[in-house]
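Have the viewer open as you read.

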Amino acid sequence: AYQRRGYIYNSRKRQDLAEQDYLAALRENPTHPIVYNNLGYMYFNQGKYELAKVNFENSIKYSPTYAHPLNNLASVYGVFGENEKRLIASDPANASQHQAQAKMYFEQAIEYFQRAIKADKEFSEPYRLMAVTYRNLGDPATAAKYDDLSKIYKGKGGQAN
């Protein structure tokens, strides 16, 4: 009940109440993957990426083939990679270090997108975001392949939250 109410509060932009309910749900059942995923998703949308990452990791820990947190954790790594790319311009003295970090984060994102696709082949979002990630890595041909796949599966698959 706490999980569902938290989901409703979050969808109504009442994150303060959603967070309270998600945390109450985890006190009742500290291994509930949907709660961890939804709490992580809320934190991700608030720009609290480290908190989101921890919650997605916990969700995956308790349900290793749950496609949504796999996709969401990949998105966190994508954000980390994009942040490193931005630092290349603002910190040119360390540009090569930022480039290497960005590449590492994008490769981690790809690993989790692939796991999400393996968990739910018809879930279109990991394909779409994989295309974005390959563009960030400078591989437009592979990006186009995943764009095409995302269109094939658009509106299909995806596990309910």
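Two residues are in contact here when they have heavy atoms within 4.5 Å of each other. Keep in mind that this is a predicted model.

Start at phenylalanine 44, which sits in helix H3, residues 33–45. Is this residue buried or exposed? Phenylalanine 44 counts as buried because its relative accessibility is 19%, and the cut-off for buried is under 20%. Setting aside neighbours within four places in sequence, phenylalanine 44 is in contact with Tyr49, Ala52, Phe56, Ser75, Val76 and Val79.

Next, the nonpolar core. The largest one has 35 residues, and Tyr77, Tyr112, Met130 and Tyr146 touch the most other members. Helices H2 (15–28), H3, H4 (49–62), H5 (67–90), H6 (95–119), H7 (124–136) and H8 (140–153) each give two or more residues to this core. Zoom in on methionine 130: not counting residues up to four places away in sequence, it touches Ile110, Phe113, Gln114, Ile117 and Tyr146.

That brings us to H7 and H8. Their axes come within 8 Å and cross at roughly 165°. An angle over 145 degrees counts as roughly antiparallel, so that is how H7 and H8 run relative to each other. The crossing of H7 past H8 is left-handed. The residues of this contact comprise eight nonpolar, three polar and three charged. Among those that meet are Met130 and Tyr134 from H7, with Tyr146 and Leu149 among their counterparts in H8.

Definitions and conventions: Residues numbered from 1 in each chain as written. Predicted model: local features only at pLDDT ≥ 70, side-chain atom pairs only at ≥ 80, totals over all residues. Heavy atoms only, no water. Helix = DSSP H or I, 4+ residues; strand = E, 2+ residues; numbered from the N terminus. Buried < 20%, exposed > 50% of the residue type's maximum accessible area, 1.4 Å probe, protein only. Core = buried A, V, L, I, M, F, W, Y, C linked by side-chain atoms within 4.5 Å. Axes fitted to C-alpha atoms, helices over the stretch in contact; angles between N-to-C directions. Parallel < 35°, antiparallel > 145°, perpendicular 65-115°, else oblique. Left-handed = near helix turned anticlockwise from the far one by under 90°. Nonpolar A, V, L, I, M, F, W, Y, C, P; charged D, E, K, R; others polar.
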